[in-house]
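Subject: Structure for you to look at

Hello,

The structure I mentioned is below. Please open it and keep it beside you while you read my notes, which follow directly after it.

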Amino acid sequence: MNRIGSVLLGLASALAFGLLYAPVVVMVLFSFNAPRGRFNLVWQGFTLENWRQPLRDAALSEAFLTSLGLALAATLLAVLLGGLMALALERARFRGRRSIELLLALPLTNPEIVLATALLNLFVGVDLPRGPLTLLLSHSLFCLSYAALTLKARLAGFDSTLELAAQDLGAPPLQAFCRVTLPLLVPGLLAAALLSFSLSFDDYVVSSFTAGEIVTLPLYLAGAFQREISPQIQVLSSLVLLVSAALLALASPFRQGRP
Amino acid sequence: MPKRPAGTSASPASLRAEPLTAETLAAESSKAALRRQRQRWQGPRRSGVQRRLWPWLLLAPGLIWLLGLYGLPLLALVPLSLSEPLSRFGLETVFSGRVANYLEVLQAYGPILARSLGYAVVATALGLLLAYPLAFAIRFRGGRWQPLLIGLVVLPSLSSYLVRAIAWTSLLGDQGPVLALVSALGLTGPLDALGVLRDGRLLNTATAVILGLTNNLLPFLVLPLVVAMERIDHRLLEAAADLHAGPWRCFVQVVWPLSRPGLAAGILLSLIPAAGDLVNPLILGGPNERMIANTIENLLLVQMQAPRAAALTLVLMALITVAVLLQLRGRGLEELPLP
């Protein structure tokens, strides 16, 4: 493209990155703010004080740990159930495959609020008190869809002749699967797990309907917006971002060569 | 690194260390075409009954989850939407075939529904204006920085969207940098007249909500577009150049049509969550910017009007489904380049 095109391209890309990173930069910046009053939303002055005790806010830390545990459990369930589904959908021909794929895509093709309403009415209908169990069931459900679809896509781009070759060399099917297929699927499993984890960890809509008395991190943050925004919120969020960036960097060698 | 079994010569993409270039992609895709021909593996070598049974054994747990927690509860919303609350203070209801729920809901919340879809459409359109050039730049100008740039697009969405919304309130607040810049440029009056600002403020306006939504959906627009553009065979671009097509014509006749599936996928992945968003209107909008999810939440959790909430949810779902079908136009969901 000519020079004007290049300039426009650069400008739009810069704007896009600006829009993406504006709130992130503000978040990190405000972790170094010394706020006056209860709301750390207006810049006052630089301090390192907030970073000295990142976990000073006990309620925040508890919500953080709750979300961490929930996301881990939901991810484990989702990758396990979703992996089995992906394997069956990708490796076998049977009647009803299309319908199952459609069912799997439902959480993607509907806003979360639809799922939240359906789940709440289910739990009220079967008289299941809202709490850790309903929260785990709900989270594992939407993670399941994303995990299954991610793994299905990875399996579709997978050379199944490798597995056949292993069998030709005398490996029983189960051994061929464990020794050949599973190791090759590790990057896909990691991707699915990371996706599930970040979806569950950051979920507000479904949680606000199904959590009952449990306070996850997003629920705590929404409440804090009404009560008090302590700088520890920004400190913790910056730490989470740092860890995410590290994980992303670690995962990226696996992504190379697979569009 | 997983060990490669002896006696096989094929090298799957996951084992490569080469950077993602048009050449390796083209080679990979022609291999993929061959692979697809011999793809469907016939399952473990077992008897016929076992062969038919094993996929269902693998599917069973996930299916129980999906049907029990989503499929059936979704269907159960239909009778619920035609019911009446038993009392004013509980979620218990009784079925009475009350179709009027739908009329009342549409009458009372029609404008909010339209507003939600409007915000989602504007945010997606704004996002596309930025996402398409960015995806184009990443694919065609990114070179060896491509993986890093893709990582940078993904990274912000790994931080909590609530914290990002809260950060926007600092940026857009009365003492924030954005309004300071606007007034320094003398734009307060004109932008107020255009309806971008309200009484010189940005918080609690549609602008703030749409900015928040656009920030959230940008990665979901960029990634499918990059994937779709990566699938464009570089030989097509070379052929177009050989036939004396200028860069502009090359874009219009080759890149744009071939990136359309990515566009469709991106629009779906952005529009749907944006239309049902709860957080941005809550934190960045005022009472006049509430969206449909806020209304449904209010009906269910505050007003205890489960039948009306169900009716509204089903209306939203129907509208979204129509939008999805229009976007897909006969294409299968699996044909879309989802990241």
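Leaving aside neighbours within four places in sequence, A:L119 is in contact with residues of both chains: A:S138, A:V206, A:F209 and A:T210 from chain A, and B:L69 and B:P73 from chain B. Please keep in mind that this is a predicted model.

A:L119 is also one of the residues that touch the most other members of the largest nonpolar core, along with B:A131, B:A135, B:V222 and B:L225. That core has 152 residues. Helix α8 of chain B, residues 206-230, gives the most to this core, with 17 residues. Another core lies apart from it and has 7 residues, including A:A166, A:A176, A:V180 and A:L184. As background, nonpolar side chains tend to be buried together in soluble globular proteins.

Why is α5(A) described as largely enclosed by the rest of the structure? The reason is a count: 12 of its 14 residues are buried, so the rest of the structure largely encloses α5(A). Just after α5(A), A:D127 takes a positive phi of about 60°.

Now chain A as a whole. Its secondary structure comes to 11 helices and 0 strands. The C-alpha atoms of chain A fill a box of roughly 70 × 65 × 35 Å along the principal axes. Of its 259 residues, 47% count as buried. Among the contacts in chain A with a separation of 6 or more, 77% are between residues 24 or more positions apart.

Last, the two chains together. How many residues of chain B are in contact with chain A? The count is 97 residues of chain B, against 95 residues of chain A. Helix α2 of chain B, residues 48-81, supplies the largest share of the side of chain B that touches chain A, with 17 residues. By class, that side of chain B has 68 nonpolar, 19 polar and 10 charged residues.

Regards

Terms used: Residues numbered from 1 in each chain as written. Chains lettered and ligands numbered in written order. Predicted model: local features only at pLDDT ≥ 70, side-chain atom pairs only at ≥ 80, totals over all residues. Contact = placed C-beta atoms within 7 Å. Helix = DSSP H or I, 4+ residues; strand = E, 2+ residues; numbered from the N terminus. Nonpolar A, V, L, I, M, F, W, Y, C, P; charged D, E, K, R; others polar. Buried ≥ 20, exposed ≤ 12 C-beta atoms within 10 Å, placed from the backbone. Core = buried A, V, L, I, M, F, W, Y, C linked by C-beta atoms within 7 Å.
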